[in-house]
Amino acid sequence: MGTSGFSWKLPDHPKLQKGKTVAVVVLDGWGEAKPDQYNCIHVAETPTMDSLKQGAPEKWRLVKAHGKAVGLPTEDDMGNSEVGHNALGAGRIFAQGAKLVDLALESGKIYEGEGFKYIKECFENGTLHLIGLLSDGGVHSRLDQLQLLLKGASERGAKRIRVHILTDGRDVLDGSSIGFLETLENDLAKLCEKGVDAQIASGGGRMYVTMDRYENDWDVVKRGWDAQVLGEAPYKFRSAIEAVKKLRVELKVNDQYLPPFVIVDEDEKPVGPIVDGDAVVTINFRADRMVMIAKALEYENFDKFDRVRFPKIRYAGMLEYDGELKLPNHYLVEPPEIERTSGEYLVHNGIRTFACSETVKFGHVTFFWNGNRSGCFNPELEEYVEIPSDSGITFNVQPKMKALEIAEKARDAILGGKFDQVRVNLPNSDMVGHTGDIKATVVACKAADEAVKMILDAIEQVGGIYVVTADHGNAEDMVKRNKSGQPLLDKNGNLQILTSHTLQPVPIAIGGPGLAPGVRFRNDVPGGGLANVAATVINLHGFEAPNDYEPTLIEVVDN
């Protein structure tokens, strides 16, 4: 860092000693909500988490994990694992994803940046293709941003535009795709009236087409590639609305799992394959489900599936999706600069760190925790372990996931005495919660609780300290509700299942034999959020946090 007088050295904490092993456990998708039959955390047997909540009241509290507390634009924005782990690790709040894009669109800055200038070169003779999630869910993308981008690009010379839509039904209600399509078609019709050739070219459901993550299943990306680039799909329609309506009924699939389809003209020719000289933008602002398609669009050398042809295009992401891989090379909106994360400070102060999760959340407990940065700060002091996730099945089939294996790795790291911080993410309540399978989610929560017990038992043995928290809610509420909190039913009288994250706060608990007497949660940070956790953890390692970090949640009172 170029700042004069900057030092990585953290001052010693006046009242807390160094040298205790600290376990930091993040339960993914574990919020706090009213107990009822749709609160899987409440229904599940979770004796360990229950005991933390029912223990000393000054050692357990709730923190905010959504909206402005994690850098998102409004209090209606659910938290997610990326922004959650950014906040947990960075100790400060940074404008995130949607908010960054909103600011860039609002100010027009997006059109002045390198990324837009790069794709604009193709407007004269080529087609602008927009690929992404069609939804107002605000987790991966937002319809209003797509609408503004369509308007802005057409006003700046795009003459031929093709939209490749992915239907949601995960962060929004299943079936809502029809309404979003009607809005989009209406906008495209208005552009056509102004002489812009603008239409939808292909589509598919987000969990079956394009939006895989963590290289779980490249077939998902290939199905998207075939439809978007090659113009080939098992289903062909003249309109996207007709496609979605028919496929939902005839195949009995929901929005998340619609098969790929292409839109064809009267001669049965696809209206918008991607060819040499075209520009492509992936419009999602959230990175995790865009990295794989970005690799396919960008990398000359690519062996994950046969692309058949690799068109010479100008490709940009809405944002940079991986800061370490510099992927994609071009993007429309600059990422938040997250530096001086707690992990980097602690390593500079000699804290030996072990981090572990399974594939689906390994990036969260490393890359996102470390401010969107891949790899270790200092390989001599750090070890990051990834346990392969189950692939080829939905997570409700094996709801225990790899919780036990993660806990065993953490236990061994704690008992081995080689590490000062042992950090894990237990994905069960989030990944199984997303399937909407209530019974399986109950099993998932129990498995996560058992994993926490194993880690806490190890901390007990070595006289260490634990911090148990979460990154956002999910499993604590599995139904849609009306304004008064009653579960909503669909027109057939069936429960409307909630597969998304929530706006609920999450717990944080501290304890362990190494916790100094007199340490307790303060009463004067009632609005504390995930970003306050970093300073808290730094304190528990025996240091004062940097002064621009969000304040610590703990104090030490003299007994």
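T341 touches G89, A90, R92, W369, N370, G371, F377 and Y549, leaving aside residues up to four places away in sequence; contact means heavy atoms within 4.5 Å. This is a predicted model, in which local features need pLDDT of at least 70, side-chain atom pairs count only at pLDDT 80 or more, and totals for chains, interfaces and linings use all residues. Residues are numbered from 1 along each chain as its sequence is written, and side-chain values use heavy atoms, with hydrogens and water left out.

- T341 sits in the loop between β10 (331-333) and α11; helices (H or I, at least four residues) and strands (E, at least two) are DSSP runs, numbered from the N terminus.
- The relative accessible area of T341 is 1%, so T341 is buried; buried means under 20% relative accessible area, exposed over 50%, and partly exposed in between, with a 1.4 Å probe and protein chains only.
- One of the residues that T341 touches is Y549, which also takes part in an aromatic pair with Y345.

**Aromatic pairs**

- The structure holds 13 aromatic pairs; rings of Phe, Tyr and Trp (its six-membered ring) pair if their centres lie within 6.5 Å, and planes under 30 degrees apart count as stacked, over 60 as edge-to-face and the rest as tilted.
- The pair of Y345 and Y549 is edge-to-face, because the ring centres are 6.1 Å apart and the planes stand at 80°.
- Y345 belongs to helix α11 (residues 342-348) and Y549 to the loop between α16 (533-540) and β17 (554-556), so this pair ties together parts that are 204 residues apart in sequence.
- Both partners are buried: Y345 has a relative accessible area of 4%, and Y549 has 7% relative accessibility.
- F367 and F368 also form an edge-to-face pair, with 4.9 Å from centre to centre and 90° between the planes.
- F367 counts as buried at 10% relative accessibility, and F368 counts as buried at 8%.
- Ring pairs join F6, W8, Y345 and Y549 into a cluster.

**Positive phi values**

- Most residues other than glycine have a negative phi.
- V308, which is not a glycine, has a positive phi of about 70°; V308 is found in the loop between α10 (291-298) and β9 (314-319).
- With a relative accessible area of 61%, V308 is exposed.
- M401 has a positive phi near 50° and is likewise a residue other than glycine; M401 lies in the loop between β12 (382-387) and α13 (403-415).
- M401 counts as buried, at 7% relative accessibility.

**The chain as a whole**

- The protein chain has 16 helices and 17 strands.
- For 559 residues, a compact globule would have a radius of gyration near 24 Å, and the 24 Å of the protein chain agrees with this; the radius is taken over C-alpha atoms, and the globule rule is 2.2 Å times the number of residues to the power 0.38.
- Along the principal axes, the C-alpha atoms fill a box of roughly 80 × 60 × 40 Å.
- Buried residues make up 61% of the 559 residues.
- Of the contacts with a separation of 6 or more, 79% are between residues 24 or more positions apart.
- The protein chain exposes about 22,100 Å², of which carbon and sulfur atoms supply 48%; accessible areas come from the Shrake-Rupley method with a 1.4 Å probe, and for residues only the protein chains shown count as cover.
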